[in-house]
Amino acid sequence: MYKFHSVKILLIILLAFLQAMAGNTGKIAGQILDSETGEPLIGANVLIKDSPYGASTDFDGYYTILNIPPGNYTIQAMYIGYNTTEVKDVRVSVDLTSKIDVKLSPKTLEIAETITVVAKRQAVQKDVTATTAVVGSEEIAALPVTEISEVLSLQAGYVDGHMRGGRSGEIAYWIDGVPVTDAYDGGTVVEVNK
């Protein structure tokens, strides 16, 4: 009985450690510049709208916001004497960096307006060292599919449960940043309902 109890506690500690090691957040980084001179703005505030996340720029105008849950956000960049600029639809993915550079324009004393910009997804992710396919909720809603396996079968290189010639046990399955791969046979642990 005592031996089983200690093994159970050890297993719980090991699972907690593995969960802590797994990345389940992303980050936003970039530079804030003056739109007229191109000079970096020191101490500009960059906030994620309607959230507690934010940062200030350093001496070169760079900022980094860490530990952001995956999703789409609106970024606000503000600096005294400049118009506030919003960048909408900034996508944050697990373990990836979304690079958002903003140019702030000086404001006149009479008019204080907010400039809104819509973010575009980068064609090339510079911090990804392997081939990756991220399928978001918008893409899944637009596809004629009812199951996760059908979404996978539409991805390049996925043939009959195998990815790019590998074995089926070599694929990692993640749902909302949480690994759901069975350690025994490499399949999924969780079945997603239709």
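**Exercise 1. Locate Asp 95 and state whether it is buried or exposed.**

Solution. Asp 95 lies in the loop between strand S6 (84–92) and strand S7 (97–99); helices (H or I, at least four residues) and strands (E, at least two) are DSSP runs numbered from the N terminus. The model is predicted: local features need pLDDT of at least 70, side-chain atom pairs count only at pLDDT 80 or more, and totals for chains, interfaces and linings use all residues. Residues are numbered from 1 along each chain as its sequence is written, and side-chain values use heavy atoms, with hydrogens and water left out.

Next, consider accessibility. Buried means under 20% relative accessible area, exposed over 50%, and partly exposed in between (1.4 Å probe, protein chains only). Asp 95 has a relative accessibility of 52% and therefore counts as exposed.

Finally, consider the backbone. Phi of Asp 95 is positive, near 60 degrees, in a residue other than glycine. Most residues other than glycine have a negative phi.

**Exercise 2. Determine which element holds Asn 67 and what its phi is.**

Solution. Asn 67 belongs to strand S4 (residues 62–68). Its phi is positive, about 55 degrees, although Asn 67 is not a glycine. With a relative accessible area of 51%, Asn 67 is exposed.

**Exercise 3. Describe the surroundings of Gln 31.**

Solution. Begin with position: Gln 31 is part of strand S1 (residues 26–34). Its relative accessible area is 16%, so Gln 31 is buried.

Then take the polar contact (a pair of N or O atoms within 3.5 Å; within protein, one must be able to donate a hydrogen and the other to accept it, and residues adjacent in sequence count only if both atoms are side-chain atoms). The side chain of Gln 31 reaches the backbone oxygen of Asp 60 at 2.7 Å.

Last, list contacts, meaning heavy atoms within 4.5 Å. Not counting residues up to four places away in sequence, Gln 31 touches residues including Pro 40, Tyr 63 and Ile 100.

**Exercise 4. Identify which members of the largest nonpolar core touch the most other members.**

Solution. A nonpolar core is a set of buried Ala, Val, Leu, Ile, Met, Phe, Trp, Tyr and Cys residues joined through side-chain atoms within 4.5 Å. Of the 21 residues in the largest one, Ile 28, Ile 32, Tyr 63 and Ile 100 touch the most other members. At least two residues of this core come from each of S1, strand S2 (45–48), S4, strand S5 (71–78), S6 and S8. Among the residues that Tyr 63 touches, not counting those up to four places away in sequence, are Ile 28, Ile 32 and Ile 100.
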